[in-house]
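Here are my notes on the model you sent over. Have it open while you go through the points.

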Amino acid sequence: MKLNRSDLLQAGLSGWGIVPVENIPFSQEFLDICRSNSCGSYNTCWACPPAMGTLEECKARIGQYKVGLVFNHISPLEDSFDFEGMQDAAVKYRECVDALHELVKAEGDNISLLANGGCNRCKTCTWPDAPCRFPEKLFPAIEGSGVYVSRLAALAGLKYINGQNTVTYFGMLLCKEDIEIVGDEP
Ligand code: SF4
């Protein structure tokens with residue numbers, strides 16, 4: 001699959017790097033953290049544990065793909081108490097993931113997107129009583145899939161933390177074939 005550098009930037013990606021799926025680091029620790037429900041999203045939607053199953057099931061699902069385009073979205077904050085800025089950053093990150101999905105959705109089952117966790121697309125989620133209303137726009141939590149994101153970022157050549165007064169969110173586009181980024185550096 002070919003992706004144009006300028007399209008990725010326009011979608012809102014701050015940086016990216018490609019990691020072979022066999023190198024993706026996993027840890028049970030992240031599923032355990034999800035279970036402690038400090039974010040309040042555990043057991044609330046199809047994008048978070050326990051909907052995604054065990055660590056082994058997550059590994060098997062991700063293992064169907066060949067490579068992951070690891071990406072981040074960095075937003076500035078006024079200061080470390082800028083809660084409004086943090087909420088804005090989360091909204092902009094979601095818009096970035098949706099824009100990336102628009103770029104690649106024609107690939108169908110060839111691709112899958114993992115995002116930052118949670119899903120607030122619907123006012124009330126169908127979980128666990130009925131299937132997701134928008135399965136094509138269901139982007140499972142990357143850490144809720146057991147992916148060790150800080151290590152993954154390093155493998156992709158990305159910084160996990162990007163300076164004081166910034167917030168960085170990560171995601172990953174999985175693809176069953178190689179991903180080539182084309183186009184000039186801006
Ligand atoms: S798209 Fe709707 S039904 Fe599906 S996980 Fe998100 S909130 Fe739930």
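**Notes on the fold, the ligand site and the pockets**

1. Starting at the N terminus, the chain's elements go β-α-β-α-α-β-α-β-α-β-β. That comes to five helices and six strands, where helices (H or I, at least four residues) and strands (E, at least two) are DSSP runs numbered from the N terminus.

2. A word on the source: this is a predicted model, where local features need pLDDT of at least 70 and side-chain atom pairs count only at pLDDT 80 or more, while totals for chains, interfaces and linings use all residues. Residues are numbered from 1 along each chain as its sequence is written, and side-chain values use heavy atoms, with hydrogens and water left out.

3. On overall shape, the radius of gyration is 16 Å, which agrees with the value near 16 Å for a compact globule of 186 residues (taken over C-alpha atoms; the rule is 2.2 Å times the number of residues to the power 0.38). The C-alpha atoms fill a box of roughly 45 × 40 × 30 Å along the principal axes. Of the 186 residues, 42% count as buried (under 20% relative accessible area, 1.4 Å probe, protein chains only).

4. Where does the ligand sit? It is in the largest cavity: on a 1 Å grid over the protein atoms alone, a cavity is a set of points where a 1.4 Å probe fits but cannot get out, and sitting there means more than half of the ligand's atoms lie within 2 Å of its grid points. Around the ligand (a heavy atom within 4 Å) are Trp-46, Cys-119, Arg-121, Cys-122, Cys-125, Thr-126, Cys-132, Arg-133, Phe-134 and Leu-138. By class that shell has seven nonpolar, one polar and two charged residues (Ala, Val, Leu, Ile, Met, Phe, Trp, Tyr, Cys and Pro are nonpolar, Asp, Glu, Lys and Arg charged, the others, Gly among them, polar).

5. Now the pockets, meaning open sets of points with protein on both sides within 12 Å along at least five of seven lines, lined by residues with an atom within 4 Å of a point. Helix H2 (28-36) and helix H4 (83-104) each supply at least two lining residues.

6. The second largest pocket is about 490 Å³. Of its 22 lining residues, Ser-112, Leu-113, Pro-135, Leu-138 and Pro-140 are the closest to its centre. Strand E4 gives the largest share of that lining, four residues.

Key: Points joined across faces, edges and corners; volume = space filled by probe spheres on them. Buried < 20%, exposed > 50% of the residue type's maximum accessible area, 1.4 Å probe, protein only.
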